Amino acid sequence: MPNIDPALWRDIMAYLRKRHSSICRQWFEELEPIDLKGGLLRVNTSNGVQEKYLQSKCLDQFNEAAQSVTGALIGVRFVSGRLTADKSVSEDPKGLPEVTITAKTPPRPRRSSSPSDFDAEQMVLIPDNSFENFVPGPNNQLAYAASVAVASEPGTAYNPLFIHGGVGLGKTHLLQAICQGILNTKPDTEILYVSCDAYMNQFIECVQNKQMNEFRDRYRNVDVLVIDDIHFLANRDRSQEEFFHTFNDLYQSNRQIVLSSDAAPGDISDLEDRLISRFQWGLTAEVTKPGYETRVAILRAKSELRSMDVPDEVIAYLATKIDSNARELEGAIVTIQGHANLQGRSIDMKLVQEAMREPVAGSKHSQVTLQHIIDAVTEYFGVKLSDLQSRRRHKSVTEPRQVCMWLARKRTRFSLEEIGGYFGGRDHTTVMHSIRTVDAKSKKDPNFAKQVQHLDEVINQDTGAPIA
Ligand code: ADP
Ligand code: MG
């Protein structure tokens, strides 16, 4: 029995729903407070994926909620697994008690030789991106079916599985669903899920630090290797060479490889022929734009996940108006949720039309998409989208990237998290920093201010009529 007053937990959840509705999900209902001891509120999650996600993405909001509700300095700690009767609690250097949990299956020992960055670069899985939350449709049927097959029999069904298609069409979602599907049934499986960018960064670092043995040990000893946006490998000769050997090693020992890309293997420019042919050895599946029925189903799925009550006519309206991709559909749901919560109103056509029509930060137009911004910025600065989404920190890339983020924040409905995610998996603090940098520079440097203003005008000219 938890030694915590159920009313306290209810208040914390109510606070989150009121103040931080954008992070709240239906599955939060399953979170269970364990105890409140020594200023630490421990909360049990259903699995390790939820635990890591909450701990890394939602901790600030939970801490704030716990502190506001209790009026005391309370820290929240998410845990998962079966709790032992004797929970040992010791102090870690940051002063937060360390909780010992015995997982159902003991985790494998960590590789002592791996540089710690390997684990840091491993991407956090988002519990939302599961098969249950994925809407299959004619636009993604093969990719979906193959992903399910791979998750149930990794290394046997389709190897490699190569999913390709445009932005916001569910590639990352499927990759993460595969990882979660495997972990659900075989929690012991060693999965390495990284962005192509992280792969290349680690490679370069290991070359520089003469740690190639560690690099190979890390990448060639996993059961499942999942790399998102593999098209970034184009133009990187040495990374391609290394990846070729990694691929061969894993493939020959029947380990599963899953890749996503913005283009089919043969259409990725500057990719070696031997890699193209290997990528085609297994199954190549394309995801395309969702049709009307799928858009309706995606809108429903997204609103259910956020426990939102959205009338059918609103869903139909949005599915008609937004025909680009699932990311935009989700963006609309998030905007509407924000408006409804802020104004304490329920969701109806009137609210939705206001929310969708609302000029963004003084603009007469509301249909600016990320694509408009990217087109304008990449053309103006002569950079590629892949540079903007990469980890590169050269000024020739950081400046246009910061301008993109600034424009995206000003002209679109996307949240800081979404913008950061799009521009290379950066977090919301990076986006905030970018926005401040652009503001500060505009004040100091009139030329720069003119450039930004010019881009803003170009984007507005490119934009069509308001959505409603
Ligand atoms: P990509 O990697 O192809 O650019 P993502 O996988 O990041 O796209 O998808 C963008 C957003 O749209 C995510 O929030 C994802 O959950 C959602 N999404 C895409 N396709 C679907 C789908 N078929 N069903 C449910 N959600 C989807
Ligand atoms: Mg993606």
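User: Where does Ser 130 lie?

Analyst: Ser 130 is placed in the loop between helix H3 (117-121) and helix H4 (141-152). Helices (H or I, at least four residues) and strands (E, at least two) are DSSP runs, numbered from the N terminus. This is a predicted model, in which local features need pLDDT of at least 70 and side-chain atom pairs count only at pLDDT 80 or more, while totals for chains, interfaces and linings use all residues. Residues are numbered from 1 along each chain as its sequence is written, chains are lettered from A and ligands numbered from 1 in the order in which they are written, and side-chain values use heavy atoms, with hydrogens and water left out.

User: What makes Ser 130 count as buried or exposed?

Analyst: Its relative accessibility is 8%. Buried means under 20% relative accessible area, exposed over 50%, and partly exposed in between (1.4 Å probe, protein chains only). Ser 130 therefore counts as buried. In the protein, which has 468 residues, 50% count as buried.

User: Which residues is Ser 130 in contact with, leaving aside its neighbours within four places in sequence?

Analyst: With those neighbours set aside, the contacts of Ser 130 are His 173, Ala 177 and Gln 180. Contact means heavy atoms within 4.5 Å. Val 148 belongs to helix H4, and its relative accessible area of 33% makes Val 148 partly exposed.

User: Which residues come nearest to ligand 1?

Analyst: Gly 168, Lys 171, Thr 172, His 173 and Glu 330 come nearest, out of 18 residues around the ligand. A residue is near a molecule or strand if one of its heavy atoms lies within 4 Å of it.

User: How do you know that Arg 327 has a polar contact with ligand 1?

Analyst: A polar contact is a pair of N or O atoms within 3.5 Å; within protein, one must be able to donate a hydrogen and the other to accept it, and residues adjacent in sequence count only if both atoms are side-chain atoms. An N or O atom in the side chain of Arg 327 is 3.0 Å from an oxygen atom of ligand 1. For Gly 170, a polar backbone atom is 3.1 Å from an oxygen atom of the ligand. For Asn 129, the distance from a polar side-chain atom to a ligand oxygen atom is 3.5 Å.

User: Why are H6 and H7 called roughly antiparallel?

Analyst: The axes of helix H6 (residues 196-208) and helix H7 (residues 212-220) come within 8 Å and cross at roughly 150°. Because angles under 35 degrees count as roughly parallel, over 145 as roughly antiparallel, 65 to 115 as roughly perpendicular and the rest as oblique, H6 is roughly antiparallel to H7. Axes are lines fitted to C-alpha atoms, for helices over the stretch in contact, and angles run from 0 to 180 degrees between N-to-C directions.

User: Which residues of H6 and H7 meet?

Analyst: On the H6 side there are Tyr 199, Gln 202, Phe 203, Cys 206 and Val 207, and on the H7 side Met 212, Phe 215 and Tyr 219. This contact has seven nonpolar, one polar and no charged residues. Ala, Val, Leu, Ile, Met, Phe, Trp, Tyr, Cys and Pro count as nonpolar, Asp, Glu, Lys and Arg as charged, and the others, Gly among them, as polar.

User: Why are H16 and H18 described as roughly perpendicular?

Analyst: Helix H16 (residues 395-411) and helix H18 (residues 428-444) have axes that come within 8 Å and cross at roughly 100°. The two helices are therefore roughly perpendicular to each other. The residues of their contact divide into six nonpolar, three polar and five charged.

User: How is Phe 381 placed, and what makes it partly exposed?

Analyst: Phe 381 is in helix H14 (residues 370-381). A relative accessible area of 23% makes Phe 381 partly exposed. Apart from its neighbours within four places in sequence, Phe 381 is in contact with Glu 399, Pro 400, Val 403 and Leu 455.
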